[in-house]
Every structure is written in C-alpha cells, then in structure tokens.
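I opened this model to look up what surrounds its ligands. My notes follow.

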Amino acid sequence: MADSVQSTHPPATPTQPAPIKTQCPYCGVGCGLEVVPIQSDNASAQATAHWKVRGDRAHPSSLGMVCVKGATILESIDKDRLLYPMLRDRLDEPFRQVSWDEALEAITVRIQAALETEGPDALCMYGSGQFLTEDYYTAQKLWKGCLQSNHFDANSRLCMSSAVSGYVQSLGADGPPCCYEDLEQTDCAFLIGTNTAECHPIVFNRLRKHHKQNAAVKMVVVDPRRTPTAEAADLHLPIRPGTDIDLMNGIAYLLLEWGYADQRFIQDHTEQFEAFQSVVAHYPPAAVAERCGILQADLEQAARYWAEAQRVLSMWSMGVNQSSEGTAKVRSIINLHLLTGQIGQPGAGPFSLTGQPNAMGGREAGGLSHLLPGYRFIHNAQHRAEVESFWGFPAGQIAPQPGRTVWDMILGLERCEVQLFWIAATNPLVSLPDLERVKAALKRSPFTIYQDAYYPTETSAYAHLLLPAGQWSEKTGTMTNSERRVTLCEAFQSPPGEAREDWAIFAEVGRRLGFAEKFPFQSATEVHQEFVQITRDRPCDMTGMSHQRLLQDGPLQWPCTLESDCPPPKRLYTQRKFQTPSGRAQFAAYHSRGLAEPPDDAYPYIFTTGRLYGHWHTQTRTGRIPKIQQMHPHPFLEIHPRDAKRLNIAQDDWVEVRSRRGSAQFPAIVTESIAPGTVFAPMHWGSLWANQAEVNAVMHPEACPDSKQPELKACAVQLIPLALTNTVQAERAIALG
Ligand SMILES: Nc1nc2c(c(=O)[nH]1)N[C@H]1C(S)=C(S)[C@@H](COP(=O)(O)OP(=O)(O)OC[C@H]3O[C@@H](n4cnc5c(=O)[nH]c(N)nc54)[C@H](O)[C@@H]3O)O[C@H]1N2
Ligand SMILES: Nc1nc2c(c(=O)[nH]1)N[C@H]1C(S)=C(S)[C@@H](COP(=O)(O)OP(=O)(O)OC[C@H]3O[C@@H](n4cnc5c(=O)[nH]c(N)nc54)[C@H](O)[C@@H]3O)O[C@H]1N2
Ligand code: SF4
Ligand SMILES: [Mo]
C-alpha cells in the first residue's frame, strides 16, 4: 500500500541546474520534494519547460520518500484549469469571461453594498488547509481586520478543529507536541481512528519499518474497518463506531487497577485527576468490551501494551476528530498520556496527524472563525488588542464574538443573512454534509465568489463569480506539516492564463476597498516577514524564520525565535510545563455519549466514510491522473457478509444507502474487513465523477459542541438492494469500465 518511490539524487553540476525544493501539496505528512527541469537539447525548450519530481532526501520529515500522490503531482497541474475570471448575474445563466478589473470591481461593489446595508455580519469567507500560510494571513487581515467580520472559516473545521480544541483544553495550547523521529523511537504505537497506511503513507512507512525491525515494538490499531493499517498491527480493535471514549476509559481503568499510573507525574504536572478517576471507575473491562463490540481479552491486551511500554506514541486523525464528541475523544487520548506520564519525551506523546498540507499553517495564521493569528483567540480581549495594535487599527476594531463556522454560514444563507459568500481552495459541494441542504442554501446566495484552480468543479455550478487561482508550483510561500515543520515551497512555473496567487487576490481587494496601507506587499516573502512578527512570544513563535533562512537552512520546526538555539527544539513540553494558567495539564472526565444519530429500527445500519490511498478528496487533481484512476476506478460500498446475506446482496450488486436526508448508490463489495452493522464508502466521488455516489448526500451536520466539527464518520442508514433496469445497469457498467 504505502509503496514509496525513492530516487537517486545526482548533485547539481555546472550543466545541471540545482533542483527546486518544495513540499508535497497533498497530505499533512509534508514530504519534501525536489523538482528538476527535464533536460532537452532544444534551446527553446526552456520556454515550455517540463519538470520531473522526486523525493528530497535532505528533507528531515520524509528522508527522500514519497507516495503515489506526491510522485504523480505534476501530471494534473495543467489539466482543466480555470484560466480567466468569469461572471454571471444568476446561477441559471452561462458565465461570461471578464477582466480582473471587472471581477475585482464586482467584489468591491458587493462588499461595500453589504457593509452599508447589513454590516460586516453579511460577509462570509470559507477557505482551506490547502492555502499557503501567506494566503491565510492576508485573508485574516482583510476579513477580521479591515472588514471587521470574523466570519472566516476553513475546511479545517471538518478536519482538525477537534484536535485544536482538545490540545487547547488539555495542554493549554494548540500544537502537536511530537515529531516524526518519535516514529523510530517509540515502543508502542497506538493508532486510533486513522488509516495511516493510506492517508499518511510516509509516516506509516517510517513507523512500519521500525516496527518490522524491532519485535518488541507493538502496534495497536483501533478502527471499525480492517484497513491496510490494521492489517499491519499486532492488535486490531474493530470497535463499533463512536465507542472510542468507552475504550479509552476502559484502558485507563485497567492501568489504574494494575498500578501503572505515573503518580509522580500526575501530582506534579496535572490537575483534575480525581474527577477523571471517578468517571473511569464506571468502565470495567467486561462492560467496555461489550459496548465496543470487541473481545475482553483484546481490550486487556491493548491496556497491557500501554502498561508495559516505556514510550507510547498515539496517533489519530478523522476517526477521532470527525465526531459529535470529537474534543472529548481527543482529550481521552491525552488523558492516557497524562495518566502514564507519556509526553514531552522521545518516542511518546499524543500526536494528531494533520490532514491537509497546511492545516497547521492555517491554525498559526488564525484561519478558523474563533481564532486570530499567532495561536490567539477572538474571545480573548488581550489577544484582540495585540492584533489590532499590530495591524494598526484602533482599539475595538476586531469584533469580540467568534464568527460563523462553515455550517453556520450555510444556515445564514438559508435565512438570507449572508450577502456575500467567498469560497476559496475547497469544494464544499462535495465535502460538506447534508448536500441537498447546502445546495438549496447556495441557490439563495445573493453573490457567491469561488476561487479555485480547476474548472469545472461541483462548486463552480453554484457560483456567480469564478476567480482563477495559481496553485502549487506556480506560487511561493510556506506550509507547516504535522511535526510543526515549515517548508518553503518555491514557485517554478507561471500560473496559466490569468490565474493569480490567493494572497495577491485578497491584498488587491483590500487595496481597492481603501486599505492600501495595510497591504503594501509586493511578494509572498514580504507577507511572510510581517506574519512571523505577529507570532512573537506565542507558542508558535516563528520570528527566527524567513523565506531566505528557509531557503538557506532548509525546513525548520517551530518554536523558532531569532534568539533561540539553532536548530529549534524537536518536541514540546520537554520541561513538563504546560501552557495553562497553572502550568499543569488538565485531565478531562468524559462519559461516552455515543453517536449523534445512532442506528434504530427505521435506519438500522451505520454509514461511515473515508479515503483511499490514491485519491485526494474531490479528485480535482487525482481524478485527472490515469494511474490513480486505474487504482480506484469507481466508488463502492463495503458491507459485511452477514449483512449482505440478510439483505440478499451479492458482490457487485447495486445498493442504495438512504438516510433521513438523502441517498447514494454504490456497487457492493462484500468483505469481512468491515464490522457487521456498519457500511463504508469513500468520499471521493462528487457529482462530476460518478452518478449519485455522493456520500455527503447522506451524512448529517451534527457537530461536537466544543470544536463544532461535524460527525462525518457516522450516520444511521437503510440499505436497499437495487434492481436497476437493464439500461441503467449497462450505463453504469460502462462507467465502471
Ligand atoms: N490518500 C489520501 N490521503 C489523505 C487524504 C486523501 O483525500 N486521500 N486526505 C488528507 C486529509 S485532509 C485527512 S483529514 C486525512 C484523513 O486521514 P484518516 O483519518 O486516516 O482517513 P479516513 O479514511 O477519513 O478515516 C480514518 C478511519 O477512521 C475510521 N473510523 C470511522 N469511524 C470511527 C470511529 O468511531 N472510531 C474510530 N476509532 N475510527 C473510526 C474509518 O473506518 C477510517 O478507516 O487524510 C489525509 N491524507
Ligand atoms: N463524508 C465525509 N466528508 C468529508 C470528509 C470525510 O471524511 N467524510 N472529510 C472532510 C475533510 S477532513 C476535509 S479536509 C474536506 C476536504 O474537502 P475539500 O476541501 O472540499 O476537498 P479538495 O478536493 O481538497 O478541495 C480543494 C480545492 O482547492 C483547489 N485548489 C488546490 N490548490 C489551490 C490553490 O492553491 N488555490 C485555490 N484557490 N484553490 C486550490 C482544488 O482544485 C479543489 O477544488 O472534506 C471533508 N468532508
Ligand atoms: S505521504 Fe502525503 S505528503 Fe508525502 S508524498 Fe504522499 S501525499 Fe505527499
Ligand atoms: Mo482533512
């Protein structure tokens, strides 16, 4: 699965230019890439240069490895690009090509009109973990600073926001405390709600190699599916979706009972232990095993691995974060580390694997509706004052209330409270839950701007104005990966047509709205220079970084101050001093609440969704790469043989998955790799790539009360075997190839 491509790297010679260094623009592993021009005898070839990509051996995160997505990235960059701004008055009209001048004029006129009639609350922007940090920062300054609207949210709301709130509540600040070297130093990897082999392949490669070479190193995987990750584990716990807190409280129960709590650490460095202990007392192993749907002996084995390991590294992603109790799940993982003192030391700690390539940079730049740049919070008056003064605004400029989350923006559109909705670098008409509702809301939008690299996407059909964005390879800037490592990604070719960098579009709109002095930037380097200053003395202090230093010294982790030792520290909390007011980490006492929409008689199955190794999200890139299309030619539904038998469903039969909100149709894969009672479909096929296979037509938007992250991993469904007519079957067979 996680095949890596390792290549030989001849040094630059006088005839061979030095490779351009950059980071892979897909997942949060953040592998280093080198891009080199393909040599050609034809002197004029430079004008239409061709490039090849290979892993960067000097990059400390990936050591030269890449997976299939990184290796094929160049194959989709020039296909089906959005080349010019396009405008229309109504969604049922065709677009007409317009100049940038006309497009920017349309935006500023609309923004000014909305400000005059409704005020800043009518302005919403929805961005993405696929922005560069410079894009994110410029957007915050425009939206939260100049326009006084905190309604900037990003698709990280669907992705990492539970990890953010869990870290903040338990440790006092956001920021994964671990580093990738821990993958080779741990003696027990606890992977929960993560299909690392397919979704973070190079992290998995590093871990897997260490695991294979050391018989004493254990790997536990907690996932309702027997994924390729679970296949590699010493112990796979196929829990029922939504029972993670039961499981972790059950492990804590046993660790306490067996006397493996680190009393010294608990006493010196934590608070709220008693409350935690009294909740955990309700989780004896027999009851926990029953609720999770696993063997008691397996639960005990998992606890035994925790107990006996010197260094436990837990890793998680969407099986934990995308939950109506996502924050509680994250804090339950951290609880186990606090209970055993497994934090701030090599090979140990609670390590969230970030999804997107720059979700971390988004957090640093304040790119969620409750955040401000430099790991600051809107609700904190001092933080607002610091940012106002840094940006040169009068006191009180930044609104004191957190802005709308993306789902609240959809509700605002429904209620006609939003006058302008600006979407950039995300494809919400595939990725947001309850798609029918989202579509209806967008049809009510007075003015939707969509800034993307490709055309068409599912979302472009719902926009009034399309803005062509330059993407990776065409724009310079920084991204931060899961281990807090910042890589400079250099542009090495020009954007096609009239496409522009995202930050430059935001800055130009700011200048046209009368804020010229706030956007003096001539380059991303200048944006970065300003951005790092706002991180001074914050947990994510990056004042020691600049584009020049990153170019010279290579990728660097934060915290990284000018005064600090070089290189910056690899791990956080090595002194066991946490960022809470008391300096102590906080235990959390949570009972499991279970799923927001549990199965019942009418909707008796649990539907879960996720990813495949080759595809990236909504396929705007990977759908255009033949090798990846061949790997994953069509959508499907995994169903356990027991359920298939009961419903009389055979391999490849078509099945409709129907919830209270909508339905989707898939050919069945009958497999024991999914737990009985649960079915799984991948999220990658929007309406442009398959007929009625949108998983989010089915999902609900119920979210964690703290992180506001929707439960994209579970809803209750019916399964209906489809007797499709011959014509439909024939059509779909052609579509399946
Ligand atoms: N190939 C590929 N890699 C990617 C991406 C991609 O699109 N394609 N996207 C990137 C992004 S943005 C993200 S967020 C990450 C996501 O990375 P992952 O989180 O690893 O991926 P998913 O497949 O969404 O979900 C992981 C697992 O959660 C399990 N799960 C479902 N419900 C539960 C539950 O209640 N408890 C537990 N313990 N597990 C549960 C699912 O069965 C699934 O195997 O991947 C990143 N990497
Ligand atoms: N049911 C279900 N739904 C899910 C999930 C799930 O597991 N299950 N996962 C959720 C998660 S974790 C995530 S992260 C989201 C992902 O969902 P999306 O963010 O909607 O998915 P992408 O396809 O990555 O969309 C990125 C868009 O940005 C464009 N783009 C790429 N580079 C640039 C650039 O530099 N500038 C601009 N302006 N555009 C660019 C691409 O062409 C693409 O259209 O899906 C979420 N939705
Ligand atoms: S593991 Fe992630 S960052 Fe590395 S090459 Fe693959 S997709 Fe890119
Ligand atoms: Mo994500």
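**Around ligand 1**

I began with the polar contacts, meaning pairs of N or O atoms within 3.5 Å. An N or O atom in the Asp223 side chain is 2.7 Å from an oxygen atom of ligand 1. I then looked at the backbone. A polar backbone atom of Tyr613 is 2.9 Å from a nitrogen atom of ligand 1. A backbone N or O atom of His617 is 2.9 Å from an oxygen atom of ligand 1. Ligand 1 taken alone exposes 910 Å², and the protein buries 99% of that (Shrake-Rupley method, 1.4 Å probe).

This is a predicted model, where local features need pLDDT of at least 70, side-chain atom pairs need 80 or more, and totals for chains, interfaces and linings use all residues. Residues are numbered from 1 along each chain as written, chains are lettered from A and ligands numbered from 1 in written order, and side-chain values use heavy atoms, without hydrogens and water.

I listed the shell next (a heavy atom within 4 Å). Ligand 1 has 34 residues around it, and Asp223, Asp244, Met318, Arg611 and His615 come nearest. Domain 3 (161–352) and domain 4 (605–735), with bounds from an automatic or database assignment, both give residues to this shell, so ligand 1 lies between them.

**Around ligand 3**

Which residues surround ligand 3? I found Cys24, Tyr26, Cys27, Gly30, Cys31, Val66, Cys67, Lys69, Gly70, Pro201 and Ile202. α1 (68–72) and α6 (201–213) each give two or more residues to this shell (helices are DSSP runs of H or I, at least four residues).

Key
A polar contact is a pair of N or O atoms within 3.5 Å; within protein, one must be able to donate a hydrogen and the other to accept it, and residues adjacent in sequence count only if both atoms are side-chain atoms.
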